[in-house]
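Me: I'd like to learn how to read a structure like this one, feature by feature. Could you walk me through it?

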Amino acid sequence: MSGAAPRIRVFDGGEYEEGGDATFTIWADYADKLTWMVEDRGSGSTSFYTLKEFAEESGFTYTETHQKMPSGIYKATVTFHNVTTTRVYRISVGYEMSNGRGTTEFNPENVLPFTLKEIKPEITKELETVSCIDGETLTYCFKALNMPDAEWRFEKLDEDGIAFAYGIDEMQEFFPESVFTAAFETDSTTGESTATLVIENARYEMLDYTLYVYASSSSGIYLTGYAQMNVIPVKDFEITDCQDSYSKVTVCCPEEGNYTLYIAGYDQYGRFESVHIAPMHFTRGKADYDTEKEVSGYADVKVMLWDDGMEPLCGVYQEN
């Protein structure tokens, strides 16, 4: 093989992160000298540059190393610094090699392009399907590494089965009684990012929607989770809780309207002592309401909900 021209063993590299470095490496036999070449495929023509010419034309900086190993294998590397996607999407790197017995000329068919490294978010907490009663709050949470940002999208099928996607602002318009709040934060110590979506006063019509979360990274946007929106409709009137000396009540209401709440106090013998009458407007769903009255000091308290015709709408709420 004393008269052999240089021969490539391995030629690889070119992968980079946005704003980072891209390294190309060659291992070859019988090479004494290697010259890097850059191919720039323009819209109407293709240009070829040496490293120095390319640096002058593009403003890129680079470093290169050349090493002849004891085994005779020749290794050459070139590293381009601060590589940006907008500049290198059409650029490839090749080479020309020679020794005292021959030359391997530059071949535009044997080049490697700059390739943006795909850095997918690494999920640490999956998005889960949660549920609530109509009028309550839905809270969704998703966590990942390598996630500088996240986006929430909602999808609904029309009558023909065609899917339409909507953003948070559009959903806020569709459901003006609800409140959509998205938050995003990154732990500076662990690098883990948390994306949270809170929907207050969720409506059971949201059952028609599927929620998707998209995580962004330096190499693109990735669908990383989805959940069916599960809002359970309120079917019957019910008083589910009373707090702060009956100044706050939690009511399930299947139909929005004006109703009357009665809070009656009784002594230890069950004799009626007083009553607080609170005309109230309830929205559809489950919600907390202010009765504008603290009721305390009685042996027993009963809370009743009636309609305008003085008909009870649900059973009596009684803590004792």
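Me: Where does Met310 lie?

Reply: Met310 lies in the loop between β27 and β28 (317–318). Strands here are DSSP runs of E with at least two residues, and helices are runs of H or I with at least four, all numbered from the N terminus. This is a predicted model, in which local features need pLDDT of at least 70 and side-chain atom pairs count only at pLDDT 80 or more, while totals for chains, interfaces and linings use all residues. Residues are numbered from 1 along each chain as its sequence is written, and side-chain values use heavy atoms, with hydrogens and water left out.

Me: What is the phi of Met310, and is the residue buried, exposed or partly exposed?

Reply: Met310 is not a glycine, yet has a positive phi of about 60°. On accessibility, buried means under 20% relative accessible area, exposed means over 50%, and partly exposed is in between (1.4 Å probe, protein chains only). Met310 has 46% relative accessibility, so it counts as partly exposed. Asn201 is another non-glycine with a positive phi, of about 55°, and its place is in the loop between β18 and β19.

Me: How do I read a pair of aromatic rings?

Reply: A pair of aromatic rings is described by the distance of the centres and the angle of the planes. Rings of Phe, Tyr and Trp (its six-membered ring) pair if their centres lie within 6.5 Å; planes under 30 degrees apart count as stacked, over 60 as edge-to-face and the rest as tilted. A search of the whole structure finds 20 such pairs. For Tyr262 and Trp306, the ring centres are 4.6 Å apart and the planes meet at 45°, so this pair is tilted. It links distant parts of the chain: Tyr262 is in strand β24 (residues 257–266) and Trp306 in strand β27 (residues 300–306), 44 residues apart. Tyr262 is buried, at 11% relative accessible area, whereas Trp306, at 22%, counts as partly exposed.

Me: Why is the pair of Tyr266 and Phe272 called edge-to-face?

Reply: Their planes are at 70°, with the ring centres 5.9 Å apart, so the pair is edge-to-face. Tyr266 counts as buried, at 15% relative accessibility. Lys302 lies over the face of Tyr266, 5.0 Å from the ring centre. A charge sits over a ring if NZ of Lys or CZ of Arg is within 6 Å of the ring centre and within 35 degrees of the ring normal. Elsewhere, one aromatic cluster is formed by Tyr16, Phe24, Tyr49, Phe54, Phe60, Phe80 and Phe114.

Me: How should I read strand pairing, and which strands pair with β8?

Reply: Strands of a sheet pair through backbone hydrogen bonds, either parallel or antiparallel. Two strands count as paired if DSSP finds at least two bridges between them. Strand β4 (residues 33–41) pairs with β8 in the antiparallel sense over eight bridges, and Val38 stands opposite Val93 in β8. β8 and strand β9 (residues 102–104) are antiparallel too, over three bridges, and a hairpin joins them through two residues. Strand β10 (residues 112–113) is joined to β8 by two bridges, again antiparallel; there Pro113 is the bridge partner of Ser92.

Me: Is β8 mostly covered or exposed?

Reply: Strand β8 (residues 91–99) is mostly covered, with seven of its nine residues buried.

Me: What does a nonpolar core look like here?

Reply: A nonpolar core is a set of buried Ala, Val, Leu, Ile, Met, Phe, Trp, Tyr and Cys residues joined through side-chain atoms within 4.5 Å. The largest one has 26 residues, of which Tyr140, Trp152, Phe154, Ile199 and Met229 touch the most other members. β14 (138–145), β15 (149–157), β18 (193–200) and β19 (209–217) each supply at least two of its residues. Apart from it lies another core of 25 residues, among them Phe11, Phe54, Val78 and Val88.

Me: Which residues does Trp152 contact?

Reply: Contact means heavy atoms within 4.5 Å. Leaving aside neighbours within four places in sequence, the partners of Trp152 include Leu127, Tyr140, Phe142, Ile168 and Val213.
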